[in-house]
Amino acid sequence: FPDQESLEWIQKAAKANRQSTQTTSKSAPKSPKVNIDTKPATKKQIEEVKRIISIKSNYYQVLKVERKATTKDIEKSYKKLILTIHPDRNPHEQASEAFNSLYF
């Protein structure tokens with residue numbers, strides 16, 4: 001599993017991402033999640049979603065980094081992966097499951 005510093009960074013990044021996507025106005029009604037991207041998922045997006053869902057318990061494999069990776073390497077890989085599998089950018093039907101699995 002990730003070392004304590006890397007694990008803390010991943011948790012902090014996930015928390016910040018969740019907070020930034022929440023509605024700032026408490027009185028505004030929540031809109032249903034709608035994927036406005038009408039393009040089909042790319043081959044890379046499909047492969048990433050399937051890969052993450054199949055190995056979601058080993059974070060080093062999910063992030064494609066070595067166990068001795070630096071925090072900076074983990075951060076870079078995490079950000080790149082999040083952009084690839086984010087449900088707003090990836091129309092794959094299991095994209096949200098893969099995305100949410102990174103928030104352990």
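Contact here means heavy atoms within 4.5 Å. This is a predicted model, in which local features need pLDDT of at least 70, side-chain atom pairs count only at pLDDT 80 or more, and totals for chains, interfaces and linings use all residues. Residues are numbered from 1 along each chain as its sequence is written, and side-chain values use heavy atoms, with hydrogens and water left out.

Arg51 lies in helix H2; helices are DSSP runs (H or I, at least four residues) numbered from the N terminus. Not counting residues up to four places away in sequence, Arg51 touches Gln61, Val62, Lys64 and Leu81. A polar atom of the Arg51 side chain lies 2.8 Å from the backbone oxygen of Val62.

H2 has twelve residues and spans 17 Å from first to last C-alpha, close to the 16 Å expected at 1.5 Å a residue (the expected span is 1.5 Å times one less than the number of residues). The table sorts residues of H2 by accessibility, where buried means under 20% relative accessible area and exposed over 50%, with a 1.4 Å probe and protein chains only.

| Class | Residues of H2 |
|---|---|
| Buried, under 20% | Gln45, Glu48, Val49, Arg51, Ile52 |
| Exposed, over 50% | Lys43, Lys50, Ser54 |

The buried residues of H2 are Gln45, Glu48, Val49, Arg51 and Ile52. They cover an arc of only 165 degrees around the axis, which puts them on the same side of H2; the arc is that of the directions from the helix axis to the C-beta atoms. Lys43, Lys50 and Ser54 are on the other side. The buried residues of H2 pack against H3, H4 and H5.

Notes:
Helix = DSSP H or I, 4+ residues; strand = E, 2+ residues; numbered from the N terminus. Polar contact = N/O pair within 3.5 Å; in protein donor to acceptor, adjacent residues only side chain to side chain.
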